[in-house]
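Subject: Structure handover

Hi,

Here is the structure I said I would pass on. Please open it next to this message.

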Amino acid sequence: MSLRRRTLLKVIVLGDSGVGKTSLMNQYVHKKFSQQYKATIGADSVTKELQIDDRLVTLQIWDTAGQERFQSLGVAFYRGADCCVLVYDVNVMKSFDTLENWHEEFLKQANPPDPRAFPFILLGNKIDIDGGNSRVVSEKKAKDWCAAKGNIPYFETSAKEDYNVDAAFLCIAKAALANE
Ligand code: GTP
Ligand code: MG
């Protein structure tokens, strides 16, 4: 008889307001999508259980506010994170340009023992819009950024069409587990 170990993994989702952090989480956890924008205030966490090999894993996903005025919780809860998910909108250049700040701020606040080895994942969201014709950030540009940051895994997603969402979160869970 094998004994299963249950593992709690803490994941922080960061990125500019409106890029689709909450939508990605809702699609992943509840299989729901809403067109309506409702800004996240403070930070919310949801949990999702999944099995990875013989491990039962509980992902505790922290969805944060992209809008500065709603970042009321501060960043103290970055500490103890097992993985950080950075999200941008492939149709909005500014949301890509600010990734640098989110990345840096996370490392500063979470203060992991080995910053170069800490698992990040980048998601380029909203690839469904206009059949991809309105995108302003190329896949290559995003992948180059990931390479420069120490080979961060990159996924292009659509929370609306449920494209690549499960695959991205599985990668996130595995990265977090490896870090644990
Ligand atoms: P904050 O909570 O302010 O940080 O924003 P957020 O990153 O959580 O964005 P949210 O998930 O609330 O999505 C913002 C808007 O984009 C909403 O109107 C969503 O319906 C829409 N949206 C999110 N993901 C997608 C997507 O993949 N495709 C399309 N077409 N729209 C999306
Ligand atoms: Mg939100």
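Below are my notes on the sheet, the core and the ligand shell.

Please keep in mind that this is a predicted model.

The sheet. Six strands make an open sheet, and the pairing is mixed. The order is S2-S3-S1-S4-S5-S6. At the edges are S2 (43-52) and S6 (154-156), each pairing on one side only. From one strand to the next, the twist averages 25 degrees.

Strand S4. S4 spans residues 83-89. S1 pairs with S4 in the parallel sense, over four bridges. Ile12 has Cys84 of S4 as its bridge partner. Leu14 stands opposite Leu86 in S4. S5 also pairs with S4 in the parallel sense, here over six bridges. In that pairing, Tyr88 stands opposite Gly124 in S5.

Is S4 buried or exposed? Seven of its seven residues are buried, so the strand is largely enclosed by the rest of the structure. Both faces are covered. One side carries Cys83, Val85, Val87 and Asp89, the other Cys84, Leu86 and Tyr88, and all are buried.

The core. The largest nonpolar core has 40 residues. Val11, Val85, Ile121 and Ile172 touch the most other members. Elements giving two or more residues to this core include S1 (6-14), S3 (55-64), S5 (120-125) and H3 (99-110). Which element gives the most? H5 does, with seven residues. Val11 is worth a look on screen. Leaving out residues up to four places away in sequence, Val11 touches Leu59, Gln60, Ile61, Trp62, Ala81, Asp82, Cys83, Val85, Ile172 and Ala176.

The ligand shell. There are 23 residues around ligand 1. Gly20, Thr22, Ser23, Thr40 and Gly66 come nearest. The shell divides into 13 polar, six nonpolar and four charged residues. H1 (residues 21-30) gives the most to the shell, with three residues.

Over to you.

Best wishes

Definitions and conventions:
Residues numbered from 1 in each chain as written. Chains lettered and ligands numbered in written order. Predicted model: local features only at pLDDT ≥ 70, side-chain atom pairs only at ≥ 80, totals over all residues. Near = placed C-beta within 6 Å. Nonpolar A, V, L, I, M, F, W, Y, C, P; charged D, E, K, R; others polar. Core = buried A, V, L, I, M, F, W, Y, C linked by C-beta atoms within 7 Å. Buried ≥ 20, exposed ≤ 12 C-beta atoms within 10 Å, placed from the backbone. Contact = placed C-beta atoms within 7 Å. Pairing = 2+ DSSP bridges. Axes fitted to C-alpha atoms, helices over the stretch in contact; angles between N-to-C directions.
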